[in-house]
Amino acid sequence: MSRLWLIVPAAGVGRRMAAECPKQYLPLAGSTVLAQTLARLHAAFPAATLCLCLARDDIYFDAAMVPFADWRRIGGGAERAESVAAALTAIAAEAAADDTVLVHDAARPCVSVDDLARLQAALADEPDGALLAVPVADTMKRAAADGRVARTEPREALWHALTPQGACYRLLCDALAAARACGVALTDEASALEAMGRAPRLVAGRRDNLKITHPDDLALAEQILAAQAAQHKALS
Ligand SMILES: Nc1ccn([C@@H]2O[C@H](COP(=O)(O)OP(=O)(O)OP(=O)(O)O)[C@@H](O)[C@H]2O)c(=O)n1
Ligand SMILES: C[C@](O)(CO)[C@H](O)COP(=O)(O)O
């Protein structure tokens, strides 16, 4: 039976957050951003194997944040893509070519269990991989070098790429390796798949799957989690 691997890159420094510690360790809804993210993933995929990418000099991590029975710590790289590649390499002896791998940012604690399940279902019959995404809702402007509007871009076919993003193990390994060999700069896994001619499926997700990036995102995430909890309570 095919195994599910979760790779959670959590080795960033949170430069844009400019906090006293990396953003994944900031307090959120009674625990930390990382603990909240892992709790969501565990609620959806309790039997998955977690690969948690942490900075080699991380002094904030506490294993009590990890709810998974089967997990391992991976030394992260200088860039997000390098952290993910390190995880793929670390599991090479155990992962089967057709095992499913989902990569989810530690900085996205509001991902819903329902979206996680829908993405996994979509991946089951997707040879090119898939990702959660949301269609662009605003009018899009391209900026000129002077900070003025150069032009308005058509937004009809534009989507925001979220995470998780996933594919089968062999495809993801090959895509990341090929992108690295060609010097393609990657901010997500889908870019690597695209660079090798694949067309990952866009799976429409919730707009509140926020990536905590800037200081005001933390309060927003707190509000999103509270609203989601209230919604869950009202439905149960
Ligand atoms: N070398 C890196 C850089 C980023 N990440 C992780 O990738 C996710 C998305 O990256 P981003 O939001 O850019 O996080 P940071 O790199 O920490 O933020 P910044 O770019 O502001 O420094 C985060 O969970 C982050 O911890 C990682 O594992 N390894
Ligand atoms: C993977 C990602 O979260 C998709 O939106 C994003 O590309 C990572 O963000 P970064 O800030 O560019 O590292």
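Student: Among contacts in the protein between residues at least 6 apart in sequence, what percentage join residues at least 24 apart?
Tutor: The model is a predicted one, and a contact here means that two C-beta atoms, placed from the backbone, lie within 7 Å. When the pairs counted are those at least 6 apart in sequence, the share that joins residues at least 24 apart is 71%.

Student: How does the radius of gyration of the protein relate to the globule rule, and what value does it take?
Tutor: The secondary structure of the protein comes to six helices and eleven strands. For 236 residues the globule rule gives 18 Å, and the protein is close to this, so it is as compact as a globular protein of that length. Its C-alpha atoms fill a box of roughly 50 × 40 × 40 Å along the principal axes, and the radius of gyration of the protein is 18 Å.

Student: What distance separates the end C-alpha atoms of helix 3, and what span should its residues give?
Tutor: Helix 3 runs over residues 113–124, and at 1.5 Å a residue its twelve residues should span 16 Å.

Student: Which residues of helix 3 are buried, and where do they lie around its axis?
Tutor: The buried residues of helix 3 are Asp115, Leu116, Leu119 and Leu123. They cover an arc of only 100° around the axis, which puts them on the same side of helix 3. An α-helix has 3.6 residues a turn, so residues three or four places apart point the same way. The buried residues of helix 3 pack against helix 1, strand 6, strand 7, strand 10 and strand 11.

Student: Which exposed residues does the face of helix 3 turned away from its buried side carry?
Tutor: In the protein as a whole, 38% of the 236 residues count as buried. On helix 3, the face turned away from the buried side carries the exposed residues Asp114, Ala117, Ala121 and Ala124.

Student: Which element gives the most to the shell around ligand 2?
Tutor: Ligand 2 is surrounded by Arg80, Asp105, Ala161, Leu162, Thr163, Thr187, Asp188 and Lys211. These residues divide into two nonpolar, two polar and four charged. The element that gives the most, with three residues, spans 159–168 and is strand 10.

Student: How many residues surround ligand 1, and which are the closest?
Tutor: Strand 1 and helix 2 each supply at least two residues of the shell around ligand 1, and that shell divides into nine nonpolar, seven polar and six charged residues. Ligand 1 is surrounded by 22 residues, of which the closest are Pro9, Ala11, Gly12, Arg15 and Arg16.

How values were computed. Residues are numbered from 1 along each chain as its sequence is written. Chains are lettered from A and ligands numbered from 1 in the order in which they are written. This is a predicted model: local features need pLDDT of at least 70, side-chain atom pairs count only at pLDDT 80 or more; totals for chains, interfaces and linings use all residues. A residue is near a molecule or strand if its C-beta atom, placed from the backbone, lies within 6 Å of it. Helices (H or I, at least four residues) and strands (E, at least two) are DSSP runs, numbered from the N terminus. Ala, Val, Leu, Ile, Met, Phe, Trp, Tyr, Cys and Pro count as nonpolar, Asp, Glu, Lys and Arg as charged, and the others, Gly among them, as polar. The radius of gyration is taken over C-alpha atoms; the globule rule is 2.2 Å times the number of residues to the power 0.38. A residue is buried if 20 or more other C-beta atoms lie within 10 Å of its own, exposed if 12 or fewer, and partly exposed in between; C-beta atoms are placed from the backbone. The expected span of a helix is 1.5 Å times one less than its number of residues. The arc is that of the directions from the helix axis to the C-beta atoms.
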